[in-house]
Amino acid sequence: MKKQSLYIPLLVLTALIWGVAFVAQSVGGQQVGAFTFNSVRSLLGGAVLLPLIPLLGRLSANRRQAATRREKRDLWLGGVLCGLVLGLASSLQQAALAYASVGKAGFITAMYIIIVPVLGVFFHRAPGARVWAAVAIAVAGLYLLCWNGDASLGKGELLLFGCSALFSLHILIIDHFSPRVDGVKLSCIQFFVAGLFCAVPALVLEAPALSAILAAWGPILYTGVLSCGVAYTLQVVAQKQVEPTVASLVLSLESVFSVLAGWLLLHQALTARELAGCCLMFCAIVLAQLPAQKAAG
């Protein structure tokens, strides 16, 4: 559709913001602990979305205003579940950046785009041969990207695999609840829940100091306002006009932007072996999201 093409740049911008966010997370992690960083950025993201709720409500004034008891229950249940999973997933990702480069973190995290259709097996939505081929290509890419002759995975890679699995679960939860509730309200609740969830281990394990948080104000501001607030809003607006498969494919560019951002801003060069692994993983991501061909006739 011609109208869909007008919204593709918004999704590209979203992927760009999320890709550069890996750099902000890496820099911010040098000042504060993983739980502290995610707690502050999530609470900030929720605060940014809060005033957008009445604004977007006016733009969709044609929709029914009053929510039923079931819708309210689904909104809070979905928001809490999304927030808990998001808080844990983002904390694993943040901790992994202490051991893995920005580019590697971006690509392994993007494995959620392949894990999600594979998990469809457990929901009686078995993926076809194309998705299994994508999984095989991704495994080959991960081998080149992560293995450096050692017999075992490093701590950073293990944390990122856990992060990717949790993001897959997060996507499935959103897929279940988003058709039933207001998307911006759901996101706002999830950010506040994630922030409060991360605040508990932050206070117990990291004893965050205000001076350290202020020292990381730049990365926290970027990830809180742009990555959480702005990018999510762009995604919501664009995905109302873009087919889900196309949207997922465009958003997967996040992994490419993370490599470019790590190279340009942090001078994190990848070896030829690791670049080959990144190329294979991106091919797998693209293949997994291509629409299946319909039978002729």
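The side chains of arginine 73 and aspartate 74 form a salt bridge with an N to O distance of 3.5 Å, a salt bridge being a side-chain nitrogen of Lys or Arg within 4 Å of a carboxyl oxygen of Asp or Glu. The model is predicted, so that local features need pLDDT of at least 70 and side-chain atom pairs count only at pLDDT 80 or more, whereas totals for chains, interfaces and linings use all residues. Residues are numbered from 1 along each chain as its sequence is written, and side-chain values use heavy atoms, with hydrogens and water left out.

Aspartate 74 also meets the side chain of arginine 180 in a salt bridge (3.8 Å, N to O). Arginine 180 lies in the loop between helix H8 (155-177) and H9, and aspartate 74 in helix H4, so the pair ties together parts that are 106 residues apart in sequence; helices are DSSP runs (H or I, at least four residues) numbered from the N terminus. Aspartate 74 is buried at 5% relative accessibility, while arginine 180 is partly exposed at 35% (buried, under 20% relative accessible area; exposed, over 50%; partly exposed, in between; 1.4 Å probe, protein chains only).

The structure holds zero disulfides, a disulfide being a pair of cysteine sulfur atoms within 2.5 Å. The sulfur of cysteine 278 is 7.0 Å from the closest cysteine sulfur, in cysteine 279, which is too far for a bond, and cysteine 278 is buried, with a relative accessible area of 5%.

Terms used
Helix = DSSP H or I, 4+ residues; strand = E, 2+ residues; numbered from the N terminus.
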